Amino acid sequence: MLRLYKLSRHSHTLAASLPLIHRSLTTPSPRSSSAAAAASTFLAGDGVSWTSLGVSETLANSLSRAGLHRPSLTQAACVPSIVAGSDTVVAAETGGGKTHGYLVPIIFVVW
């Protein structure tokens, strides 16, 4: 389960009952192998790329060379919000891609 919250700069509380985004970006399709099934529930849909999330082509190529060919569902949900400059809190399972979800937009802005 992924929850993405937008925080107000003037608010010191997080209203956990008001998620901005609480959705799945892809529907897993039946696969013959368990590895393919795991990838289909972890990675964003085939049409979602780093550049479609607002990241530059140069950074997207660097991520691909590092082995991150496609964003995870978590990254696909949070990267556009962070790139847009919104204050964002992401809650997802361990190993869901939260760290890269925060770092990729930071690198994009700094780079």
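When I say that two residues meet, I mean contact, that is, heavy atoms within 4.5 Å. The model on the screen is predicted.

Start with the pair. Two packed helices are described by the angle between their axes and the distance between the axes. Here the helices are H3, residues 73-83, and H4, residues 98-110. Their axes come within 9 Å and cross at roughly 30°. The crossing of H3 and H4 is right-handed.

Which residues in H3 and H4 meet? On the H3 side they are Thr74, Gln75, Cys78, Val79, Ile82 and Val83. On the H4 side they are Lys98, His100, Gly101, Tyr102, Pro105 and Phe108. Sorted by class, this contact has 7 nonpolar, 4 polar and 1 charged residues.

As for the spacing along a helix, an α-helix has 3.6 residues a turn, so residues three or four places apart point the same way.

Now H3 by itself. How many of its 11 residues are buried? The count is 9, and H3 is mostly covered. The buried residues of H3 are Leu73, Thr74, Gln75, Ala76, Ala77, Cys78, Val79, Ser81 and Ile82.

Of these, Ser81 is buried and also has a side-chain partner: a polar contact of 3.0 Å joins it to Thr88. Thr88 is in strand S2, residues 88-91. Is Thr88 buried or exposed? Its relative accessible area is 13%, and buried means under 20%, so Thr88 counts as buried.

One backbone detail to finish. Just after H3, Gly85 takes a positive phi of about 90°.

Notes. Residues numbered from 1 in each chain as written. Predicted model: local features only at pLDDT ≥ 70, side-chain atom pairs only at ≥ 80, totals over all residues. Heavy atoms only, no water. Axes fitted to C-alpha atoms, helices over the stretch in contact; angles between N-to-C directions. Helix = DSSP H or I, 4+ residues; strand = E, 2+ residues; numbered from the N terminus. Left-handed = near helix turned anticlockwise from the far one by under 90°. Nonpolar A, V, L, I, M, F, W, Y, C, P; charged D, E, K, R; others polar. Buried < 20%, exposed > 50% of the residue type's maximum accessible area, 1.4 Å probe, protein only. Polar contact = N/O pair within 3.5 Å; in protein donor to acceptor, adjacent residues only side chain to side chain.
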